[in-house]
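Trainee: I am new to this one and would like a close look at a single part. Please take me through the pairing of charged side chains.

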Amino acid sequence: MLFEERESKHHYRVWHEDWYAFCIVERGSADVRYRGRVLPVRPETVTPFMPGEVHETRRIEVPGTYRVLMLPTNLVEDRAESMGKRSPELAATTWTQKATYGAFAAACSRLEGQSVSTFEKELLLLELVDLALTRDDAAGPDETSPHSDCQPRVIQAVRDYLVENFDRSLALADVARDLGLSSGYVSRAFSTAERCPPKTLLRLLRVERGRRSLLSPDVSVKRAAYDAGFTSPQKFNQAFQVAWNMSPSQYQQLALAQQTVR
């Protein structure tokens, strides 16, 4: 799937759930917000975007010709698997090397041609997938990647946010929006580093808050559930059972009995 935008001054906020997107700039320049940073897009460059992630054109400084090449997720991931890559994560950077831009620009020109056969198109797309995957492994010194140190800060920011807001009714989209990030990126980055998605950590934080409340004989299970940010005692009970292999009421009885013995 190929889109072309000429002399564009529009502002876009888009995400592609099932496609990798590659912005190929023949001429013109703009700033794009992606993964919490502003990424400069300049002439004769290629900028990759992961599927499911929001990217937003913040400012188009110079109108120009922008092509967006869409590659299906299964094509990229199947090719990556055959190359020994389990989960392709294209670097959030603008590719500036002339050879990279030239290959993508030439492929786009050929794909736009009416005489190109389906077989030729498939070969072209595979060549671009291979280039994108190997290009990510061998980013040259002229590449500008403002995101190279972004992931640790994102993980810490998400962790701090959840700790500070555990008692609120939160969805991943709320967390990502408040941090200026996309839900897909937050989920992937956090899950990779912490070995659990953000919602799991949030649930554990709430269980721990509820557990501490239960140490007081004056606090009921119902009150502990709502104080901990659960929307109902039933959900608190389910989460507590998973974490402690007993119900909140059973835990409270045991904890209070131990306090009495001491």
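Mentor: Let's begin with D130, which counts as partly exposed at 23% relative accessibility; buried means under 20% relative accessible area, exposed over 50%, and partly exposed in between, with a 1.4 Å probe and protein chains only. This is a predicted model, where local features need pLDDT of at least 70, side-chain atom pairs count only at pLDDT 80 or more, and totals for chains, interfaces and linings use all residues. Residues are numbered from 1 along each chain as its sequence is written, and side-chain values use heavy atoms, leaving out hydrogens and water.

The partner of D130 is R79: they form a salt bridge (a side-chain nitrogen of Lys or Arg within 4 Å of a carboxyl oxygen of Asp or Glu), with the closest N and O atoms 2.7 Å apart. R79 sits in helix α1 (residues 73–82) and D130 in helix α3 (residues 118–137), so the pair ties together parts 51 residues apart in sequence. Helices (H or I, at least four residues) and strands (E, at least two) are DSSP runs, numbered from the N terminus. R79 is also partly exposed, at 30%.

Eight salt bridges are present in the structure. Another joins R67 and E112, whose closest N and O atoms are 3.1 Å apart. This pair links distant parts of the chain, strand β6 (residues 55–72) and helix α2 (residues 98–112). R67 is buried at 12%, while E112 is partly exposed at 31%. Together with E26, R67 and E112 belong to a network of salt bridges.
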